[in-house]
Amino acid sequence: MAGADSFAVEQGKGEKAVAWMNEYAKKNKVNFEAKLQGYAVQTTKFGGFEMISWKGDWPAARNLIKRASGKLRIKALESGYHEKTDLLVSMFGAGSEFAKVYSGGNLVGQIEMKTKSGKWVVKSEAFS
């Protein structure tokens with residue numbers, strides 16, 4: 001079972017989005033469960049996002065975060081993309097993680113994030 005702590009939903013809409021995703025997963029027997037992390041990240045171009053963690057299947061997680069963005073008309077970050085680097089850099093988490101930014105279910109941009117003191121921070125951002 002996979003998991004991650006670097007997905008996010010539009011600030012102020014986290015509880016609604018997490019509840020919807022968990023309910024959808026349970027109703028459709030999808031291996032997925034999400035919870036709020038308790039902190040937010042700010043972007044200049046896309047606004048604030050509440051970080052969530054999840055456990056379950058990667059394909060289900062990616063599908064649900066995009067689906068939640070469209071159904072709830074919110075912005076969401078689908079992360080887990082990495083630069084192609086050598087194996088040691090990837091294993092020890094050095095480097096950056098990239099996220100796609102969705103708004104209303106449509107891809108609108110991407111951001112680059114890194115960890116600082118155990119929390120994600122935005123390094124750069126761009127519109128698609």
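1. Which side chain makes a polar contact with the side chain of S79? The side chain of E97 does, at 3.4 Å. A polar contact is a pair of N or O atoms within 3.5 Å; within protein, one must be able to donate a hydrogen and the other to accept it, and residues adjacent in sequence count only if both atoms are side-chain atoms.

2. This is a predicted model: local features need pLDDT of at least 70, side-chain atom pairs count only at pLDDT 80 or more, and totals for chains, interfaces and linings use all residues. Residues are numbered from 1 along each chain as its sequence is written, and side-chain values use heavy atoms, with hydrogens and water left out.

3. The protein has 3 helices and 7 strands. Their order from the N terminus is β-α-β-β-α-β-α-β-β-β. Helices (H or I, at least four residues) and strands (E, at least two) are DSSP runs, numbered from the N terminus.

4. Of the 128 residues, 40% are buried. Buried means under 20% relative accessible area, with a 1.4 Å probe and protein chains only. Contact means heavy atoms within 4.5 Å. Among contacts between residues at least 6 apart in sequence, 54% join residues at least 24 apart.

5. Back to S79. This residue sits in strand β4 (residues 75-82). S79 counts as buried because its relative accessibility is 0%. Its side chain also reaches the backbone oxygen of S6, at 2.5 Å. Leaving aside residues up to four places away in sequence, S79 touches S6, F7, W58, R62, E97, F98, A99 and M113.

6. Buried residues in α2 are A60, A61, R62, L64, I65, A68, S69 and L72. R73 follows the helix, with a positive phi near 55°.

7. Now the cores. A nonpolar core is a set of buried Ala, Val, Leu, Ile, Met, Phe, Trp, Tyr and Cys residues joined through side-chain atoms within 4.5 Å. The largest one has 18 residues; V9, M21, F32, I52, W54 and I65 touch the most other members. Two or more residues come from each of β1 (2-10), α1 (14-27), β2 (32-43), β3 (47-56) and α2. Helix α2 gives the most, 5 residues. A second, separate core has 12 residues, including A8, F46, V101 and W120.

Methods. Buried < 20%, exposed > 50% of the residue type's maximum accessible area, 1.4 Å probe, protein only.
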